[in-house]
Amino acid sequence: MLNTMFPLSPKNIPTSVSSLFSAYASFTAFIMLFRAIVNELKDLIPLGVRSYIYSKFRYYFFTHPSDDDLTLVINKHFGMAPNEVYEKVEVYLGAKISPSDKHLILSKTNQQKTVTLAIEKRGQVVSDTFDGIDLRWSYVAKPKKSKSKQSSAGDDEEVEWCFELMFNEKHKAKVIDSYIPYVFTQAESIKQGEKALKLHCSGRDHYGTSKSCIDLVHPTTFETIAIDSELKKMIIDDLDMFVKRREFYKKVGKAWKRGYLLYGPPGTGKSSLIAAMANYLQFDIHDLELSGIRDNSDLRRVLLSTTNRSILVVEDIDCSVKIKNRESAQPSKPSNSLDCSPTSKFTLSGLLNFIDGLWSSCGDERIIVFTTNHKEKLDPALMRPGRMDVHIHLSYCTPSGFRTLASNYLGIHETNTHHLCGEIEGLIESAEVTPAVVAKELMKSNDTDVVLDGLVKFLKQKKVKNDKEKLKKAKKADEDGTKKAEKQEREEDANKNC
Ligand SMILES: Nc1ncnc2c1ncn2[C@@H]1O[C@H](COP(=O)(O)OP(=O)(O)OP(=O)(O)O)[C@@H](O)[C@H]1O
């Protein structure tokens, strides 16, 4: 048949122009048919299955398994929790570049000083030796058992990737007892070298509970945050004590965790303080978006995916979610409730129980921070002793807070102070302004004289406004008192007459 289609054998090379055209037409038709078949198959075989076949193909042709070989499979997740071995292997192998690797990934985050080169995992077989043992790592795709709705987006929807480690089974004990711990320590030191803090966000997207992770590049540190110096010292001392107390927590049989409740008006630095804590401890932040959590099992899944040495943050706990009480199956209507999703089956007791119980015993060195603008509106369950270990009130800007901001924004220090600083420090407390407002004023010009002069005027106006409001309030209270006294007098008279 091919001969009929391609009459191009040396014997019958076309001699005329018409037979040459006929041969060309047949060849073109065949190519088009071939391309159509390939395209059809590409559409019929899902990407996941193609990845699976490809990884199996590489596995058999490049890792050469033999009868004496043992394979350890390292899945990405262990139940619902992330598998720590997988994470360590990923870091370790990422740094194992050999001269024969032809595909490398070049990357750099804005926190890193230099670019990073890593191997492209997919389809790679990485050879390693340890104490004379030959080891082969491969990154293998496996079809997912059940295809859930959550995973219907992205290019990996039908497969799960895992690492496989192959070696002669007589080395099993040595690989498990010595090689794997070696991989762990290597991964740790690689991570230390390029440590970039992460901000993990958990919420809900179109497909269900979603997680995302970016490098945390927040400039606030304890040097730049404008809070009272004594309060700052207290927080730093508390954090220092917490991280040094591993043995203490073990001895008293408590989970190694600490809870902070940050409260105060908007713009007083609650979020900035969380960033300062993360930068100080070098902990990642897990930002828990409660309005994105559908029910307690959603919550458990999200909490179990958090890592050790991290800060779990729930911002605006008073208003971010509608929380049901433990006692009632019906949605309660707490006064603090703003987001009223009727489908939410998530409960405050679910959150607190899980944080205090199972979750905290699954990890180490965890800090939990709740923030609120309205401490008085919080559910009493949150305020119970032992729940939040430290309550921190962040309030209006103090003279020492102003000095920090003046140093940050204008470079004014004790050695090169400005003649208006004294006046500002005298005014700032009675003006009742947040650090965010002061920061805004300090950014208005590059000229220090103009900025400070503007701030003095602003604080004076604010003080006059505050005084007027206070006077008005006092007058009203006075009037209310007089009315109340008159009413009481009338009632007493009426009673007497009766
Ligand atoms: N104590 C502070 N020290 C330095 N900067 C601050 C401080 N408080 C506020 N700011 C400035 O104001 C901005 C807003 O502050 P931040 O988000 O930390 O306040 P918040 O109390 O968390 O507010 P909200 O309750 O609205 O979330 C910050 O980006 C920062 O520039």
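The side chain of Arg258 makes a polar contact, at 2.8 Å, with the side chain of Asp238. This contact belongs to a predicted model, in which the protein has 16 helices and 15 strands. Of the 498 residues in the protein, buried residues make up 37%.

- Arg258 has its place in strand S11, which covers residues 257-263.
- Is Arg258 buried or exposed? Its relative accessible area is 15%, and because buried means under 20%, Arg258 counts as buried.
- Leaving aside residues up to four places away in sequence, Arg258 touches Asp238, Phe242, Tyr249, Arg366, Ile367, Ile368, Asp389 and Val390.

**The ligand and the residues around it**

- There are 16 residues around the ligand, and those that come nearest are Ala226, Gly267, Lys270, Ser271 and Ser272.
- A polar backbone atom of Ala226 lies 2.7 Å from a nitrogen atom of the ligand, while a backbone N or O atom of Gly267 is 3.0 Å from an oxygen atom of the ligand.
- From a side chain rather than the backbone, a polar atom of Asn373 lies 3.1 Å from an oxygen atom of the ligand.
- The ligand taken alone exposes 620 Å², and the protein buries 72% of that area.
- Which elements give two or more residues to the shell around the ligand? They are helix H8 (270-281), helix H13 (399-410) and helix H15 (435-442), and H8 gives the most, with three residues.
- Sorted by class, the shell around the ligand has nine nonpolar residues, six polar residues and one charged residue.

**Thr404 in helix H13**

- Thr404 is found in helix H13, and at 14% relative accessibility Thr404 counts as buried.
- When residues up to four places away in sequence are not counted, Thr404 touches Glu223, Thr224, Ile225, Ala226 and Lys232. Ala226, one of these, is also among the residues that come nearest to the ligand.

- Helix H14 runs over residues 421-431, and its buried residues are Cys421, Ile424, Leu427, Ile428 and Ala431.
- Why do these residues lie on the same side of H14? They cover an arc of only 125 degrees around the axis, which puts them on the same side of the helix.
- The face of H14 turned away from the buried side carries the exposed residues Gly422 and Gly426.
- The buried residues of H14 are covered by elements that include H13, H15 and helix H16 (448-497).

**Two residues with a positive phi**

- H14 is followed by Glu432, whose phi is positive, near 50 degrees. Glu432 is found in the loop between H14 and H15, and at 31% relative accessibility Glu432 counts as partly exposed.
- Asp131, a residue other than glycine, also has a positive phi, near 50 degrees. Asp131 is found in the loop between S6 and strand S7 (133-143), and at 58% relative accessibility Asp131 counts as exposed.

**Thr129 in strand S6**

- Thr129 is found in strand S6, which covers residues 125-130, and at 55% relative accessibility Thr129 counts as exposed.
- Thr129 touches Asp134 and Leu135, again not counting residues up to four places away in sequence.
- Thr129 and Tyr179 are 50 residues apart in sequence, and they are 9.5 Å apart in space from C-alpha to C-alpha.

**The protein as a whole**

- Among contacts in the protein between residues at least 6 apart in sequence, 69% join residues at least 24 apart.
- The protein exposes about 29,700 Å², and carbon and sulfur atoms supply 55% of this area.

Definitions and conventions. Residues are numbered from 1 along each chain as its sequence is written. This is a predicted model: local features need pLDDT of at least 70, side-chain atom pairs count only at pLDDT 80 or more; totals for chains, interfaces and linings use all residues. Side-chain values use heavy atoms; hydrogens and water are left out. A residue is near a molecule or strand if one of its heavy atoms lies within 4 Å of it. A polar contact is a pair of N or O atoms within 3.5 Å; within protein, one must be able to donate a hydrogen and the other to accept it, and residues adjacent in sequence count only if both atoms are side-chain atoms. Accessible areas come from the Shrake-Rupley method with a 1.4 Å probe; for residues, only the protein chains shown count as cover. Helices (H or I, at least four residues) and strands (E, at least two) are DSSP runs, numbered from the N terminus. Ala, Val, Leu, Ile, Met, Phe, Trp, Tyr, Cys and Pro count as nonpolar, Asp, Glu, Lys and Arg as charged, and the others, Gly among them, as polar. Buried means under 20% relative accessible area, exposed over 50%, partly exposed in between (1.4 Å probe, protein chains only). The arc is that of the directions from the helix axis to the C-beta atoms. Contact means heavy atoms within 4.5 Å.
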